[in-house]
Amino acid sequence: MLVASDSESDLPVFPLLNPAFRHDSHGFLENFFRMKLFLPDFKVRKLLLDSAHNAMPYYQYCRENSIQPFIDLNEKRGIKQKYKDDFTIGKDGVPICMAGRKMNHDGTEPSKARLKFRCPLASRKYGCSCETPCSGSKYGRTVHLAMKDNPRLINFPPRDSDEWKTEYNARTSAKRSNKREKVDFKLEGGRHRSTKMWYCRLYHILMLQHLDAWDLPNESALRKLILQTA
C-alpha cells in the first residue's frame, strides 16, 4: 500500500495485492510503477521506505528522477565498508576513524551533495588529543562524504540528523492506514476466494477512508466542538 505520509488522515494512494512469497522490495516496485501508469501526473518528491528497500538501484532511480530517498540502512547488506582507505562508514552513515571513534558533523554542502565530518578529539587551540593522531593539523582530520561515491550509505540529510529522523518518522502513517483498513473496516473479515472480490472489498474500504477525511472537521473546529460539549 502506498500512503500519502504528509496527509493529516494517513490517506491511501495506491494498493496492490501480492503473494506472501514476494519480497517487499519487489512488490513495492510493481506497485510504484503501476501507480505511475494510472496516475501519470502524480509527482513523488520523497520516498520513505524501510530497510528491505535499501538497495543501490533505488537510490540511482531517485537521483535520476529528482526524488529524495529516506531509506533505513540494511545491516545485512554490509555497512562498515572502507572509505578513502582508512575510514569506515558506521550504521548511521557517519564515518569512523582508524581509532574507532565516531566523527563529528562539521557542516554540509547541498550544492555538491556532500557532508563534512571532523575528528572528535581535535581542538583548534590544543590540537588533537588522540594517542595516534591521523593529522598534524590543530583543526584535525576532516572527511567529506559525497553522495556520488555511495548513495546507499551516504545520505543527504545525514541519517543521524534530526531532519532525517523527523521525515522518516512520518512512515508510521502507513502503519496507521493499514490498521484502519484491517481493524476498523474489517478488511480481513471477508471470506472471498477470488482476487477480484478482495480488490472490490479493498477499494470500497479505501473510498471510505477518503470519505471520512472529507467529512471530519479540521483540528480547530474539532477542538471547539469538544470544548462546547464539555
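Q: Are F70 and W164 buried or exposed?
A: Buried means under 20% relative accessible area. In this predicted model, F70 and W164 both fall in that class. The answer for the two residues is buried.

Q: Which kind of aromatic pair do F70 and W164 form?
A: The ring centres of F70 and W164 are 6.3 Å apart, with 40° between the planes. F70 belongs to strand β4 and W164 to helix α3, 94 residues apart. Planes under 30 degrees apart count as stacked and those over 60 as edge-to-face, with the rest tilted. The pair of F70 and W164 is tilted.

Q: Why is the pair of F33 and Y61 classed as it is?
A: A search of the whole structure finds nine aromatic pairs. For F33 and Y61 the centres lie 5.4 Å apart and the planes meet at 80°. Because planes over 60 degrees apart count as edge-to-face, the pair of F33 and Y61 is edge-to-face.

Q: Which helices does the pair of F33 and Y61 link?
A: The two residues are 28 residues apart in the chain. F33 is in residues 24-38 and Y61 in residues 56-64. The helices are α1 and α2.

Q: Which element gives the most to the lining of the second largest pocket?
A: The second largest pocket has a volume of about 230 Å³. Both α2 and β4 supply at least two residues of its lining. With three residues, the element that gives the most is α2.

Definitions and conventions. Residues are numbered from 1 along each chain as its sequence is written. This is a predicted model: local features need pLDDT of at least 70, side-chain atom pairs count only at pLDDT 80 or more; totals for chains, interfaces and linings use all residues. Side-chain values use heavy atoms; hydrogens and water are left out. Rings of Phe, Tyr and Trp (its six-membered ring) pair if their centres lie within 6.5 Å; planes under 30 degrees apart count as stacked, over 60 as edge-to-face and the rest as tilted. Helices (H or I, at least four residues) and strands (E, at least two) are DSSP runs, numbered from the N terminus. Buried means under 20% relative accessible area, exposed over 50%, partly exposed in between (1.4 Å probe, protein chains only). On a 1 Å grid over the protein atoms alone, a cavity is a set of points where a 1.4 Å probe fits but cannot get out, and a pocket is an open set with protein on both sides within 12 Å along at least five of seven lines; lining residues have an atom within 4 Å of a point. Grid points are joined across faces, edges and corners, and a volume is the space filled by probe spheres set on the points.
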